[in-house]
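Visitor: I would like to learn how to read charged pairs and a helix in a model. Please start with the structure itself.

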Amino acid sequence: MSRTNLAIKVLIVIILLALAFEGMRHTDNNEPVILSQPWDHRPITVYIDDTDVPEHYSPTYKEDVLNAIKYWENGGNGQLGFQPEFQVLDTDNADILIMWVDNLEKDAGSADGIAGFTRPYIVNGQFERVDIVLEAGNYEGYAWRQYGDSSMEDIAAHEIGHALGLGHSNDRNDIMYPKYDRRDNLNPLLFNSTRYVLLALLIVAALIVSYHGTGWLRYKKQRKKLEDEVFSNPEGEKKNE
């Protein structure tokens, strides 16, 4: 095996190390009540609990939830009968409480394949409070699979949709479809903890490729120089005849 081929394989392995498993998960197993006007006030306050978090929680998940909130403020899937307005608070005395567990099956006794669930408390036909629980990942056999940021944003957007009164959709392209395809494979915890190692390996692999590339160019120039010397020599031409 040439060193260049080895370097290419090293690059492929590095990329694969940064990727996690791709699969499909249910967002929840319940059909929340569909309400056209679930809240009697604006703004809807939200508390994102990023302090009491499980082992596999990624600090990037809070930003994923904020992006999911912006998704609905910007119109969402177009199925809401009102324009939601949110206010994120630093206290849990909020309309919507969002929290994480490592795995819903293991930590909350949920059915297999559940990635998040929404529990609304309804008083006089409107939401008084909503609890949203999201999981950080799931087990594929004995292997732990961490959710990437795009997956977490999708799960959060789906559950917030329930908190806005929406039920499930039959359209696979709708955020409220009860399953989602994990669009990203990048494990944020793996990336954050190993990014410097991965960067160093990438630099080493790039140097190996560069070294062999320049070596090949030197060899090509030397060969051309030798060919020019041989074919420009008249005696050499007679010998070839």
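Guide: A salt bridge is a side-chain nitrogen of Lys or Arg within 4 Å of a carboxyl oxygen of Asp or Glu. Side chains of opposite charge can pair when their charged atoms come close. The model is predicted: local features need pLDDT of at least 70, side-chain atom pairs count only at pLDDT 80 or more, and totals for chains, interfaces and linings use all residues. Residues are numbered from 1 along each chain as its sequence is written, and side-chain values use heavy atoms, with hydrogens and water left out.

Visitor: How many salt bridges does a search of the whole structure find?

Guide: Three. Lys106 and Asp107 form one of them, at 3.7 Å from N to O. Asp131 and Arg129 meet in another, at 3.3 Å, N to O.

Visitor: Which side chain meets Lys62 in a salt bridge?

Guide: That of Asp50, at 3.6 Å from N to O. Lys62 is in helix 2 and Asp50 in the loop between strand 2 (44-48) and helix 2, so the pair ties together parts 12 residues apart in sequence. Helices (H or I, at least four residues) and strands (E, at least two) are DSSP runs, numbered from the N terminus.

Visitor: Which residues are buried in helix 2?

Guide: Tyr61, Asp64, Val65, Ala68, Ile69 and Trp72. They cover an arc (taken from the directions from the helix axis to the C-beta atoms) of only 145 degrees, which puts them on the same side of helix 2.

Key:
Buried means under 20% relative accessible area, exposed over 50%, partly exposed in between (1.4 Å probe, protein chains only).
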